[in-house]
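Please have the sequence and the 3D view open while reading.

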Amino acid sequence: MARPDSGRPYHHGDLRRVLLDEAVASLRESGPSALSLRNLARRVGVSHAAPAHHFGDKRGLLTAVAAEGYRRLAGSLGAAYEARRDLAEVGVAYVRFAVEERPYFEVMFRPDLYDPTDPDLVAARSALGAALSGPAALVPAAPPEAGIAAWSLVHGLAALGLAGNLPPEIEGDLPAAARRVTSHLFPAPAAPPEAPLKAPDKSREAQRPPKGKKKKKR
């Protein structure tokens, strides 16, 4: 049993998970360039060989981070699609992921940092593709370029915002900005029309006797 810097004990069966979580924390603090297996081992409180045993090298560690990021993004987009069936809201979920899960986002689209042929990463990217295919079905007979345009819109907005290249009033709330921006490409689905009020049946009204009078019996 080993102990991370927090003093909380964990079993060796959890070590890979602990190393990944600590790697994400390090990425959040200082980005990919400052990440190293030696520093990661120090942060977790294990031997220098422990991270190498699970990931091989820094490239292997970032491959695992990217794969997990693709799975998490796929889950976020899938949940947004199931909840609203609205392409614009899927775009908002994409930008929200970039903001809230920035350590993953900044690694996932940098194939120079990891092994893009890794089987686990390939499967994770396929999961993201499946999550994107559901919303794409909302646009009948849409060409592939339409999907690329939508992806470019939300990805570009997220990247520009995270890099500080947007006006301050937009950078302050990127998901809200994404909702406004995507509305220009994907109008909100129209509300179902209300059922028309049924007109009264005048033929039956004519058959009714006036109030206060009764039909005479013959």
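## Exposure and the model

A residue is called buried under 20% relative accessible area, exposed over 50%, and partly exposed in between. With a relative accessible area of 41%, Asp21 is therefore partly exposed. The model discussed here is predicted.

## Salt bridges within and between helices

The count of salt bridges comes to eleven. In one of them Asp21 is paired with Arg17, and the closest N and O atoms are 2.7 Å apart. Both residues belong to helix α1 (residues 15–30), and because they are four residues apart there, about one helical turn separates them. Arg17, at 37% relative accessibility, is partly exposed. Arg17 and Asp21 also belong to a network of salt bridges together with Glu68.

Another salt bridge joins the side chains of Arg43 and Glu22, at 2.9 Å from N to O. Arg43 is in helix α2 (residues 37–44) and Glu22 is in helix α1, so this pair ties together parts that are 21 residues apart in sequence. Arg43 has a relative accessible area of 14% and is buried, whereas Glu22 is partly exposed at 23%.

Arg71 and Asp120 form a salt bridge with an N to O distance of 3.1 Å. Here the parts tied together are 49 residues apart in sequence, because Arg71 lies in helix α4 (residues 58–84) and Asp120 in helix α7. Arg71 is partly exposed, with a relative accessible area of 38%; Asp120 is partly exposed at 39% relative accessibility.

## Aromatic contacts

How many aromatic pairs does a search of the whole structure find? The search finds four. Tyr94 is buried at 4% relative accessibility, and Phe105 is buried with a relative accessible area of 6%.

Phe105 also pairs with Phe109: the ring centres are 5.3 Å apart and the planes stand at 65 degrees, so this pair too is edge-to-face. Phe109 is partly exposed, at 24% relative accessibility. Phe105 and Phe109 belong to one aromatic cluster with Tyr70, Tyr94 and Trp151. There is also a contact between a charge and a ring: Arg85 lies over the face of Tyr81, at 4.5 Å from the ring centre.

## The second largest pocket

The second largest pocket has a volume of about 150 Å³. Its lining includes Tyr70, Tyr94, Phe109 and Trp151, which are also members of the aromatic cluster. Met108, Pro111, Tyr114, Arg125, Leu128, Gly129 and Leu132 line the pocket as well.

Which helix gives the largest share of this lining? Helix α7 (residues 119–136) does, with four residues. By residue type, the lining divides into nine nonpolar, one polar and one charged.

Note on methods
Residues are numbered from 1 along each chain as its sequence is written. This is a predicted model: local features need pLDDT of at least 70, side-chain atom pairs count only at pLDDT 80 or more; totals for chains, interfaces and linings use all residues. Side-chain values use heavy atoms; hydrogens and water are left out. On a 1 Å grid over the protein atoms alone, a cavity is a set of points where a 1.4 Å probe fits but cannot get out, and a pocket is an open set with protein on both sides within 12 Å along at least five of seven lines; lining residues have an atom within 4 Å of a point. Grid points are joined across faces, edges and corners, and a volume is the space filled by probe spheres set on the points. Helices (H or I, at least four residues) and strands (E, at least two) are DSSP runs, numbered from the N terminus. Ala, Val, Leu, Ile, Met, Phe, Trp, Tyr, Cys and Pro count as nonpolar, Asp, Glu, Lys and Arg as charged, and the others, Gly among them, as polar. A salt bridge is a side-chain nitrogen of Lys or Arg within 4 Å of a carboxyl oxygen of Asp or Glu. Buried means under 20% relative accessible area, exposed over 50%, partly exposed in between (1.4 Å probe, protein chains only). Rings of Phe, Tyr and Trp (its six-membered ring) pair if their centres lie within 6.5 Å; planes under 30 degrees apart count as stacked, over 60 as edge-to-face and the rest as tilted. A charge sits over a ring if NZ of Lys or CZ of Arg is within 6 Å of the ring centre and within 35 degrees of the ring normal.
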